[in-house]
Number of protein chains: 2
Amino acid sequence: MTTIDIPDGSLFGIENLPYGVFSVDGDPARVGVRVGDSVLDLAAALGDDVFAAPSLNPFMAQGYDRWVAVRERIRELVSGEIPDGAVHPVGRVTTRLPIEVADYVDFYASEHHASNVGRLFRPDAEPLLPNWKHLPVGYHGRSGTVLVSGTDIVRPSGQRKAPADAAPVFGPSTRLDIEAELGFVVGAGTPSNTPIAPDDFPRHVFGAVLLNDWSARDIQAWEYVPLGPHLGKSFATSISPWVVPILALEAARIPLPGQTDPVPLPYLRESDPWGLDIDLVVEWNGEEVSRPPYREMYWSPAQMLAHLTVNGASSRTGDLYGSGTISGPEKNQRGAFLELSWGGKEPLTVKGEERTFLLDGDEVVITGTAPGADGGRIGFGEVRGRVLPSK
Amino acid sequence: MTTIDIPDGSLFGIENLPYGVFSVDGDPARVGVRVGDSVLDLAAALGDDVFAAPSLNPFMAQGYDRWVAVRERIRELVSGEIPDGAVHPVGRVTTRLPIEVADYVDFYASEHHASNVGRLFRPDAEPLLPNWKHLPVGYHGRSGTVLVSGTDIVRPSGQRKAPADAAPVFGPSTRLDIEAELGFVVGAGTPSNTPIAPDDFPRHVFGAVLLNDWSARDIQAWEYVPLGPHLGKSFATSISPWVVPILALEAARIPLPGQTDPVPLPYLRESDPWGLDIDLVVEWNGEEVSRPPYREMYWSPAQMLAHLTVNGASSRTGDLYGSGTISGPEKNQRGAFLELSWGGKEPLTVKGEERTFLLDGDEVVITGTAPGADGGRIGFGEVRGRVLPSK
């Protein structure tokens, strides 16, 4: 038997216990929990084959009561002795995509982001469109290109057309960008025609991840009318490997700001509207360029899920929805380079160089932390990606 | 041993041989081929467990050479004697969703449809947006709500706002519509950063189905800027149960009309640009209301796939993409009630009643046929759905 030492101040203490999928030395991928600087092999520790799977989906599908029970059991285990072979140093494991993604939807829930993008894409109009404060605007993205952190991002090619040009040209994107977001993972879905009320969020959503919605702004600007973003986004979406349980985010709940003018329609109302006090940090080639504050988001995670299902659409284990870019009111709180560089017109200084959009070889790392129940903080780990030249 | 009699003039003769998934008397679902008025149980007939699956995906994933070989083998079988128990009358089987849908994308490939919708949704602007003739506009839809023909459609609820109203209201859609389309099923996908050239279409696309993209026009009109359709479409998309192999559509190939002004960018060019001469028929409560002609489509199936993957996005077995509403130049060739009733202003007469959008209890059946290799015709069967009241 062995024990796990959790370093003081670890972002992965027993108030966190995020789930992921890992492999060691080429062994089959399986479910683990990050504890301190270790990974606990759940199939080995608990002797339950639901964890001997290459995704969290079978476990998530068991539902809320089971999520609560397993979390309790892990807390007990971690405080005591653990079978030999069930603990690995985090540096020795390879993390995999933690979920089998069913449908992926991306929202647009930051008022600061939506206003900034409105000013940049439609300079002659009101920045927020008339529907924006009435419903959480969102669209479906490509679930097959959701990738785990660390996967390299090949620069996408596509059509772009500058306003002054007569016709589009084809080639590698010249305005490759990030979007710093949170992603929410549905663990227990619902059949058709059973909308999920906002108050039922915790029984359906298993956890949250950091998400980078890589975006080719030149491709997006040319293609996006009238059916929305497509190839400008569909090449890659990266997520962090450790899924932080919603159960671990109780202490991060804060009252939801705003929503008084207008008041949302009844299906979007919560008994006690809440947001999440999560701090993100965006590093570009190792230099911090932004600190997007999730607490500033206009629409809540529960409202987004209620909206997704109110038309009768079913939901499934593995559904993933993103918050949309997290931007705060300050310039250094913007979650996309489009906004940080104001459409490329106001370059940032990164490692002493003037920069607007991503160059080949650039690396972006987004990290995130939240208050934990014990007065400390819990971590989301990171979502990392490096840009490779187009093929 | 037994034999299959194919009635004269059957739309399911040996030039067709579409694949589906069926069950009999509650037995496990498995892969079958429709032949005349019979269904051939492929696992029983060929003794191959890849067909003892509840979707076509495992077989499709085996790739093009195998699709050709199995089709040959089925033709031999059907011309001779077949093991007892491997043949069922079509009236005795229950058809299931034939594929496990990976990503679902819907295009907008009919110039007549896009122009009509542009006139209706943006009456003060050019009907076709500037990008439309440069790229096949499309967007991702919800793969979890792709349903097999025969599934009832519960009227969706959502937000709508008439232009004159100050604020949106919530309730059942009052403008529930159809979109008559073809859907294309990817059998053999590609990894990231390996775009599929249009000429490689047959090696990747396994077959085609009829598709009804149910649409709530009032929800769609309010929500769709700037990120495209979402809840107005995500509640249900119905497909026909029999997947017609691309190998069966050789005789339906016709030269692609148009595309001279502008000429598409090189990645969208085919050696021999082709469309498909497929005739659809739309019946509303048993009365024929439209005959959408697939031959009139602007963008080809191969161009849509090339566009989908040109940015480096991977594709997967089970990816489904729709053509978008098929509308011809004539009024009685329009594939949506939005266009047939000109936004509700010019009602149709259906069974003696004036009608614009769908009422509860209405049933829509879309059928389709194409030329077969032997001078006869092959059939797609039907995609059928009935509207139930909102819950």
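1. Basis. In this predicted model, local features need pLDDT of at least 70 and side-chain atom pairs count only at pLDDT 80 or more, while totals for chains, interfaces and linings use all residues. Residues are numbered from 1 along each chain as its sequence is written, chains are lettered from A and ligands numbered from 1 in the order in which they are written, and side-chain values use heavy atoms, without hydrogens and water.

2. Annotated site. The unreviewed UniProt entry places the feature "binding site" at A:Asp106, A:Glu179, A:Glu181 and A:Asp213. These residues are spread over 108 residues of sequence, yet they cluster in space, with a largest C-alpha distance of 10.9 Å. UniProt positions follow the numbering used here, feature names are shortened, and annotations may be inferred rather than shown by experiment.

3. A:Glu181. This residue lies in strand E13 (residues 180–186) of chain A; strands (E, at least two residues) are DSSP runs, numbered from the N terminus. A:Glu181 counts as buried because its relative accessibility is 0% (buried means under 20% relative accessible area, with a 1.4 Å probe and protein chains only). Beyond four places in sequence, its contacts (heavy atoms within 4.5 Å) include A:Asp106, A:Asp213 and A:Ser323.

4. A:Asp213. The loop between strand E14 (205–212) and strand E15 (215–216) of chain A holds A:Asp213. A:Asp213 is buried, at a relative accessible area of 1%. Leaving aside neighbours within four places in sequence, A:Asp213 is in contact with residues including A:Asp106, A:Glu179, A:Glu181 and A:Lys233.

Key: Helices (H or I, at least four residues) and strands (E, at least two) are DSSP runs, numbered from the N terminus. Buried means under 20% relative accessible area, exposed over 50%, partly exposed in between (1.4 Å probe, protein chains only).
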